Amino acid sequence: MTKCERSMGRRLKNRRGGMLLFVAVSMVGLLGLVAIATDIGAAQRQRRIAQTAADAAAIGGGRQIERHQDSSTVATYALSSAQKNFFPNSEVTVFYPPQTGLHIGDLNYVEVVVGRRIKTLFGGMFNKDSIDIAARAVAGMGSNALYCVYNMATSGNGIDWDGRMTTNCDVVGNASIYLKKGIDGNPTPDVSAVGTVDGGGSGHTFSGIPPFPDPYANLVTMPTDTACQYNNVVVTKDTALTPGVYCGGIRVNDNIKATLDSGVYLVRGGGVRGGQFEAFNGVTIINTNGPGNNPATYAPFTMGNNCSFHVRAPSGGPYRGIAVVVDPAAPESMDATQYVNDFCGKGTNAPCISTTVDIQGIAYLPKQAFRIGNSNAKLTIAGTLIAKYMTSHSGGEGCFFLDQSGNSPLKRLSLVE
């Protein structure tokens, strides 16, 4: 081997030694990056788990707000939902109402914060042997309701509908639902029931759902200790009526029009019969028992074949969005033939449209029967119908649309933050 060859060999050995040193130093750095990435990945996974738990807890608490429960029950169900997602009570804080965010102090919402400290796998190399993770969620009655027909019966066919039904919103029942002529709408409405559904759209029919609460149970406060202002009113010529307390009912003769000025009409006994009712400036009609809360004098809404019933709910005040109320304290319908409230519509044979409205707002009859009383009626409600039983004549058509005025106070449970 020549001198030149020996020199080149020494240089190659030196280079190999330098490369080994470079690789060794680089490996330490790479291992450090891998360690950091591993811990960050584990922390991100734990944050996703925490967010899932927070979301579930907020929905669990919000469900109790929907059911009108007290703060203790809201917190209990929120904590229970977090536990099911492996976060014990010690790692969960429930704020009802929320203390931060967009809904501070609003009793329609609940805020949940979950947090825990997790150990790192390699963080000790950098004096970071643990990481704090946290997640927050807020749920409550934030979005507009999807349902416009709520049936409150708990047995049999709560909805037994012989005529046509058309909606742009969904139908739900606490018993079973029978729609003889099916249901129309665009998009196809969902029809859901605790019992069975007969007549719902293909792919939009749901049976065996959990029972749902009265969506308006705590929102209507009935007046008490109200003295009679008008007694046994019979309208025999076109007349304007003023708000007040009507004892003995309001009767409007056939082909006669009663125009109702804006305000609340409390009918104590005797019911509402007619006739033609026109109320376009914000009216709530409340039908209840007679003086002394006497149910024996109660009578339902009873419209004749040649009737019209146009009522628009007020846009403000304690009865915002409420057009018609049958007091839950009035006698209860035990089946669809008892205490039947007959309503009528003046729609034509044209397809249902949301701009031709008979009742705009909520019709709330949670313990009584609702029926389209005249056989050729087309009754349109832009708002919500809540009733224990719902029926129609074979020629009667019910058209139900969500209230697009923004006036409806009915909301659905949503995750909002």
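## Surface and overall make-up

The chain exposes about 20100 Å², of which carbon and sulfur atoms supply 53%; accessible areas come from the Shrake-Rupley method with a 1.4 Å probe, and for residues only the protein chains shown count as cover. This is a predicted model, in which local features need pLDDT of at least 70 and side-chain atom pairs count only at pLDDT 80 or more, while totals for chains, interfaces and linings use all residues. Residues are numbered from 1 along each chain as its sequence is written, and side-chain values use heavy atoms, with hydrogens and water left out.

The secondary structure comes to two helices and 25 strands, where helices (H or I, at least four residues) and strands (E, at least two) are DSSP runs numbered from the N terminus. Of the 417 residues in the chain, 46% are buried; buried means under 20% relative accessible area, exposed means over 50%, and partly exposed lies in between (1.4 Å probe, protein chains only). Among contacts with a separation of 6 or more, 53% are between residues 24 or more positions apart, a contact being heavy atoms within 4.5 Å.

## Salt bridges between strands and loops

Side chains of opposite charge can pair when their charged atoms come close. A search of the whole structure finds 10 salt bridges, each being a side-chain nitrogen of Lys or Arg within 4 Å of a carboxyl oxygen of Asp or Glu.

In one of them, the side chains of Glu91 and Arg116 meet at 2.7 Å, N to O. Glu91 lies in the loop between helix 2 (71-84) and strand 1 (92-95), and Arg116 lies in strand 2 (residues 109-119), so this pair ties together parts that are 25 residues apart in sequence. Glu91 counts as partly exposed, at 21% relative accessibility.

Strand 2 also takes part in another pair: Arg136 forms a salt bridge with Glu111, with the closest N and O atoms 2.8 Å apart, and it links Arg136 in strand 3 (residues 130-144) to Glu111 in strand 2, 25 residues apart. Arg136 is partly exposed at 27% relative accessible area, whereas Glu111 is buried at 2%.

Because Lys388 lies in strand 23 (residues 378-392) and Glu332 in the loop between strand 20 (322-326) and strand 21 (340-343), the pair ties together parts that are 56 residues apart in sequence. Lys388 is buried, with a relative accessible area of 10%, while Glu332 is partly exposed at 32%.

Salt bridges that share partners also join Arg164, Asp184, Lys378 and Glu397 into one network.
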